[in-house]
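User: Hey, I'm new to this one. Could you walk me through it once it's on screen?

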Amino acid sequence: MATADYRQMVDEAAEIAKRQKERVDPSFHEKIDRLLDTYARKLAENMNSYYSIEARVPSILITGGGNFPVRKKEK
């Protein structure tokens, strides 16, 4: 599912880049390609980091309640 989400976001960015290339001078095409590549790389890094953090935290359904003093924390 995460891979499909990533692919969809990169495809949308590629479509925007394609439309922008049609509107600008060809000298800017390389810069647009670099921006698209940077976006795809940063998005992959951020998504991997997010899912790595999510994997470290076990579900409360598995571990049970943590007996955290919520009322005391609210004060």
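This is a predicted model: local features need pLDDT of at least 70, side-chain atom pairs count only at pLDDT 80 or more; totals for chains, interfaces and linings use all residues.

User: Ok, so is Arg41 buried, exposed or partly exposed?

Analyst: Arg41 has 42% relative accessibility, so it counts as partly exposed.

User: Let's zoom out. How many helices and strands does the protein chain have?

Analyst: There are four helices and zero strands. Following the sequence, the pattern reads α-α-α-α.

User: And how much of the protein chain counts as buried?

Analyst: Of its 75 residues, 9% are buried. The accessible surface of the chain comes to about 6800 Å², and carbon and sulfur atoms hold 56% of that.

User: Take α1, then. What span should its residues cover?

Analyst: Helix α1 runs over residues 2–23, and its 22 residues should span 32 Å at 1.5 Å a residue.

User: Which residues in α1 are buried?

Analyst: Val10, Ala13 and Ala17 are the buried ones in α1. Looking down the axis of α1, the buried residues sit within an arc of 60°, so they line one face of the helix.

User: Why would residues a few places apart point the same way?

Analyst: An α-helix has 3.6 residues a turn, so residues three or four places apart point the same way.

User: What's exposed on the other side of α1?

Analyst: Over there you'll find Ala4, Glu22 and Arg23, which are exposed.

User: And what covers the buried residues of α1?

Analyst: The cover includes α2. Seen from the partner helix, the buried residues of α2 pack against α1.

User: Which residues of α2 are buried?

Analyst: Those are Ile32, Ala40, Leu43 and Met47. Helix α2 has 28 residues and reaches 41 Å from its first C-alpha to its last, close to the 40 Å expected at 1.5 Å a residue.

User: Switching to charges. How many salt bridges does the count come to?

Analyst: The count comes to four salt bridges. In general, side chains of opposite charge can pair when their charged atoms come close.

User: Ok, which residue forms a salt bridge with Lys21?

Analyst: That's Asp33, and the closest N and O atoms of the pair are 2.5 Å apart. Lys21 lies in helix α1 and Asp33 in helix α2, so the pair ties together parts that are twelve residues apart in sequence. From C-alpha to C-alpha, Asp33 and Lys21 are 9.3 Å apart in space.

User: What about Arg34, what does it form a salt bridge with?

Analyst: Its partner is Glu30, with the closest N and O atoms 3.3 Å apart. Both lie in helix α2, four residues apart, about one turn of the helix. Arg34 is partly exposed with a relative accessible area of 48%, whereas Glu30 is exposed with 56%.

User: Back to Arg41. Which residue forms a salt bridge with Arg41?

Analyst: Asp37 does, and the closest N and O atoms are 2.8 Å apart. Asp37 and Arg41 are four residues apart in helix α2, about one turn. Asp37 is partly exposed, with a relative accessible area of 43%.

User: Last topic. Which residues make a nonpolar surface patch?

Analyst: Ile60, Leu61 and Ile62 make a nonpolar surface patch of about 410 Å². Ile62 sits in helix α3, which covers residues 60–63. With a relative accessible area of 72%, which is over 50%, Ile62 is exposed.

Notes: Residues are numbered from 1 along each chain as its sequence is written. Side-chain values use heavy atoms; hydrogens and water are left out. Patches are made of residues with over 30% relative accessible area and no salt bridge: like charges are joined within 9 Å, nonpolar side chains (Val, Leu, Ile, Met, Phe, Trp, Tyr) within 5 Å. Accessible areas come from the Shrake-Rupley method with a 1.4 Å probe; for residues, only the protein chains shown count as cover. A salt bridge is a side-chain nitrogen of Lys or Arg within 4 Å of a carboxyl oxygen of Asp or Glu. Helices (H or I, at least four residues) and strands (E, at least two) are DSSP runs, numbered from the N terminus. Buried means under 20% relative accessible area, exposed over 50%, partly exposed in between (1.4 Å probe, protein chains only). The expected span of a helix is 1.5 Å times one less than its number of residues. The arc is that of the directions from the helix axis to the C-beta atoms. Contact means heavy atoms within 4.5 Å.
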